[in-house]
Amino acid sequence: MKEKRAQWGSKWGFLFAAVGSAVGLGNIWRYPYVVYESGGGAFLIPYFFAIFTAGIPLLILEYSMGHLYRGSTPLAVFRANKNFEWLGWWPVISSAVILCYYSMILSMAVKYILFSVDKSWGQDSNDFFYNEFLKLSDSPFHLGGIVWPILIGILIIWAVNWLICYRDIKTGIEKISKLLLPCLLVIMIIIVIKGITLDGAATGLNALFTPDWDRVKNPQIWISAYGQVFFSLSIATGIMMTYSSYLPDKTDINNSAFLTAFANSGFEFLAAIGVFSILGAMAESQGVAVDEVVTSGIGLAFIAFPKVFSTMGIWGNILGVLFFICLSFAGITSSVSLVEAISASIIDKSGWQRKNVVTIICLIGFAASSIFSLNAGLYLLDIMDNFINNYGIVAVGLLEAIMVGWIIKPIVIREHTNSMSYFKIGAWWDIIIKYITPAILSVTLLQTIVNGFKTPYGGYDRTALIIYGWSVILLGIAGAVWISRKPWKKEESV
């Protein structure tokens, strides 16, 4: 007898989970420094262009695929076209890698909640982060020993993942999303209100809202915009297709896609206001320009912010605790969505029980994540994050658009989603999926590859980029092809 697929408790439960997945470190930890590195306000132009030409159309595509074919990403793609099953597994494997280094970031955020209580980073937050806390080695090849606070934090994160995902989606992911997402919003609003009242906040906000039109002409900014949209909306990671497979038969899919995208962008924008206000205050206190107070990468969250919190008296302690709680809550809602995308795929493929699959994933995940607790962990995180988000995820999104646009045909998906949605999408969506999105993503991906060969990412040795970057992409593809050749165990899958 065919087993009935699990369902969300309500449409709002699905939206909380979907927005919870989208609203993650991509909004708070990644988005502000991407905006900074891409020219402040100038980044918002290609960013919103990317939302409307790739973000929302691909969200509709993934929601519709998951709902129409009733399966995790590999199963949905398999049911749509058996020859493309590997394309369903590639993002699942990428999500597994993301989940491993994501746990390191969350581990740092959790530890910094405690550091914020007494501002343990002292007067030099840069030296504290790299040398005292991470004990960072001098190269990606010098792995070094275990940083125990990071490893313990990683263990805690995986335990939380297990506790939430071990339950069914209604009592696990849906329940925690309804709890954490409102808390996350309230905390961010408090941070923003305090941030914009700081001396010098206007300086930071000017850097955010004033576009540099010359920077808009830079192709790298457009590449960063599409990469950010993919990372932030959880597109091409196996999450959204899996989540939508748990929706009831009659659901307004189009409206859900727009709500998810706009809620994510709204939170992202809110977070950017808070971040740039604090950066402006920091610049004002030091008598320098905003672009002189921000370090690259995660330094914005773990170096620049602690530095300005140190100048704010008791409010610095309060804002520090709130900020890192915010990071942790956002990360957890995204982390469990990655676990669900992986576990649902394995359950569909193998027919194993959910509790067993989740337990195995969390045990293996913790073991794999342990490599990021080594002294060179931050290097590995940086390289893998760059390659998976700028190459792997963009490539999957491109191939998804090509598959639906040219193989399955957009009208099949559009007729399904329009049959139950209040807002109907027209032929414009077909054109975007068939021509515009593939064209833009092709140019973006090609430009990224060319730039990567011209200038090695982050100044790393090319060997390190091959070992920790390109090899991860290639192994992901090879693993996807290998898994796709294995038979489906569950009778209803075929």
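Trainee: How much space lies in the largest cavity?

Mentor: About 130 Å³. Before we go on, this is a predicted model, where local features need pLDDT of at least 70 and side-chain atom pairs count only at pLDDT 80 or more, while totals for chains, interfaces and linings use all residues. Residues are numbered from 1 along each chain as its sequence is written, and side-chain values use heavy atoms, with hydrogens and water left out.

Trainee: What counts as a cavity or a pocket?

Mentor: On a 1 Å grid over the protein atoms alone, a cavity is a set of points where a 1.4 Å probe fits but cannot get out; a pocket is an open set with protein on both sides within 12 Å along at least five of seven lines. Lining residues have an atom within 4 Å of a point. Grid points are joined across faces, edges and corners, and a volume is the space filled by probe spheres set on the points.

Trainee: Which residues lie nearest the centre of the largest cavity?

Mentor: S21, Y102, F231, S234 and L338, out of 18 lining residues. Helices that each supply at least two lining residues include α1 (11-22), α5 and α15 (314-350). Helices here are DSSP runs (H or I, at least four residues), numbered from the N terminus.

Trainee: And how much space lies in the largest pocket?

Mentor: About 990 Å³. It has 42 lining residues, and D382, N386, N390, Y457 and G458 are the closest to its centre. Helix α17 gives the most to that lining, with 9 residues.

Trainee: Switching to α5: what span should it have, and what does the model give?

Mentor: It has 34 residues (85-118), so at 1.5 Å a residue it should span 50 Å, and its end C-alpha atoms are 52 Å apart, which agrees. The expected span is 1.5 Å times one less than the number of residues.

Trainee: Where does α5 bend?

Mentor: At Y112, by about 25°. That's the angle between axes fitted to the seven residues ending there and the seven starting there.

Trainee: Is α5 mostly covered or mostly uncovered?

Mentor: Mostly covered, with 26 of its 34 residues buried. Buried means under 20% relative accessible area (1.4 Å probe, protein chains only).

Trainee: Last one, S484: what does it touch?

Mentor: E85, W86, W89 and K349, leaving out residues up to four places away in sequence. Contact means heavy atoms within 4.5 Å. S484 lies in α20 (residues 462-484) and, at 18% relative accessibility, counts as buried.

Key:
Buried < 20%, exposed > 50% of the residue type's maximum accessible area, 1.4 Å probe, protein only.
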